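Here is a friendly walk through one structure, from its ligand site to its sheet and its salt bridges. Keep the sequence and the 3D view open as you read.

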Amino acid sequence: MSEYQPGLEGVPATKSDISYLDGKQGILTYRGYRIVDLAENSTFEETAYLLLDGELPSTRQLAEFDAQLREHRRVKYNIRDIMKTMPKTGHPMEMLQTAVASLGMFYPNDIPVQIRSPGDESDKYVHGQSIRILARMATIVAMWQQMRIGNDPTQPRNDLSYAANFLYMFHNGVEPDPLVARIMDVSFILHAEHTINASTFAAMITGSTLAMPSYVIAAAIGTLAGPLHGGANEHVIQMLQEIGKPENARPWLDKKLAAKEVIWGMGHREYKVKDPRATLLQKLMMELAESRGNVSPMFETALALEEACEETLAPKGIYANIDYYSGILYREIGIPPDQFTSIFAVARTAGWLAHWRQQVAQNRIFRPTQIYTGYDVRDYTPIPER
Ligand code: COA
């Protein structure tokens, strides 16, 4: 019997060829391809295909996959009706989990999800469902943005890319400019997958019971919602607002570090160098600033704080992570902070579904053991004698 590891730290939970992370060198790959190359050359649609199928698609394969994603953007009126009854003040992640869980009721299934050989009926079902869920995730998140402020949701447009259509629906029918659409697209690519983390593991555990995909993704969404997983970028915004301007960064940092407080968006359990995704987002933020002809005060403050952290935290291997720049970037393109985690969920659905497919193709139900620390068997005491 192996030793207990709190949080299962360092315990392999599966064999997977979906993604790989080298935290010392700052390398993240999806199916062997560097995230940097995907961010520069790929699209979210192509990256999702790569994650789900294992190889980059041919032109024809990508066109087919993309056409299917576009075809399934619409959700039934029933889903909209359920969303209508939700409190407008509810957190978007609560809405998302409920709406996704309800998909199973409106799109029922009687095909077993255990894949016995590639291309069998179950594999086709899993693949088809993956496309449908991925297509609908962006729709649901964008619909809610309008519904919660009292608007009717904007209908999806089939002539726009996944990222551009998401922003179009999110911003009530205003088409994003190409750079903003590209920023969203790259952000989706960068958030799509990150080896076995809590939400991915939750998806795998639920999948291992051969539960339907709506349960699998709803479980993953619930797990992502916690502040230790999604959500650090919301704190980064609050932190930068508190700092106010670049010249305050250093004294603010010294005070926080002296009080042993956490600097949000800094540090990562796996990366001991700067998170490659943070570098890419920072570059996009710079491109946006250049195209607008001005650097936002928040971005300037973030740059100043990162520089100050170089001297104090970098010697400990603490550098900017993806959340450090994602929130600032989202804010610049008009996304409110309470939607940051739902957008993370939209992108990560590609990774969750890839792991779900892998799980049900090599399935064994998760049933770990425990180290029992309770009483030995004892006799029941009747209530008057207690
Ligand atoms: N701010 C200040 N100090 C930090 C820090 C941060 N963000 N991250 C790590 N440190 C410090 C630790 O306190 C520790 O200090 P010590 O040696 O004096 O005790 C040292 O750096 C080493 O940290 P370590 O314990 O190896 O980090 P970890 O792997 O336990 O923590 C995180 C990783 C992500 C939990 C942590 O860096 C953190 O809380 N970051 C902020 C939250 C965040 O941005 N999360 C999103 C991650 S994508």
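How do the residues of the shell around the ligand divide into nonpolar, polar and charged? They split into seven nonpolar, four polar and four charged. Here Ala, Val, Leu, Ile, Met, Phe, Trp, Tyr, Cys and Pro count as nonpolar, Asp, Glu, Lys and Arg as charged, and the others, Gly among them, as polar.

## About the model

This is a predicted model, in which local features need pLDDT of at least 70, side-chain atom pairs count only at pLDDT 80 or more, and totals for chains, interfaces and linings use all residues. Residues are numbered from 1 along each chain as its sequence is written, and side-chain values use heavy atoms, with hydrogens and water left out.

## The ligand site

Of the 15 residues around the ligand, Ile 263, Gly 265, Met 266, Arg 269 and Asn 321 come nearest; a residue counts as near if one of its heavy atoms lies within 4 Å.

A backbone N or O atom of Gly 265 is 2.8 Å from a ligand oxygen, and one of Met 266 is 2.7 Å from a ligand nitrogen. In the side chain of Asn 321, an N or O atom lies 2.9 Å from an oxygen of the ligand. The protein covers 59% of the 870 Å² of accessible area that the ligand has on its own (Shrake-Rupley method, 1.4 Å probe).

## A three-stranded sheet

Three strands (DSSP runs of E, at least two residues) form an open sheet in the order β1-β2-β3, with antiparallel pairing. Strands pair if DSSP finds at least two bridges between them. β1 (19-22) and β3 (33-34) are at the edges with a single partner strand each, so one side of each has no neighbour in the sheet.

β1 and β2 pair over four bridges, with Tyr 20 partnered by Thr 29 in β2. Thr 29 also has Arg 34 in β3 as a bridge partner.

## Salt bridges

The structure holds 18 salt bridges, each a side-chain nitrogen of Lys or Arg within 4 Å of a carboxyl oxygen of Asp or Glu. In one of them, Asp 17 and Arg 31 bring their closest N and O atoms to 2.9 Å. Asp 17 precedes β1 and Arg 31 sits in the loop between β2 and β3, so the pair ties together parts 14 residues apart in sequence. Asp 17 is exposed at 52% relative accessibility, whereas Arg 31 is buried at 18% (buried is under 20% relative accessible area, exposed over 50%, partly exposed in between; 1.4 Å probe, protein chains only).

Methods: A polar contact is a pair of N or O atoms within 3.5 Å; within protein, one must be able to donate a hydrogen and the other to accept it, and residues adjacent in sequence count only if both atoms are side-chain atoms.
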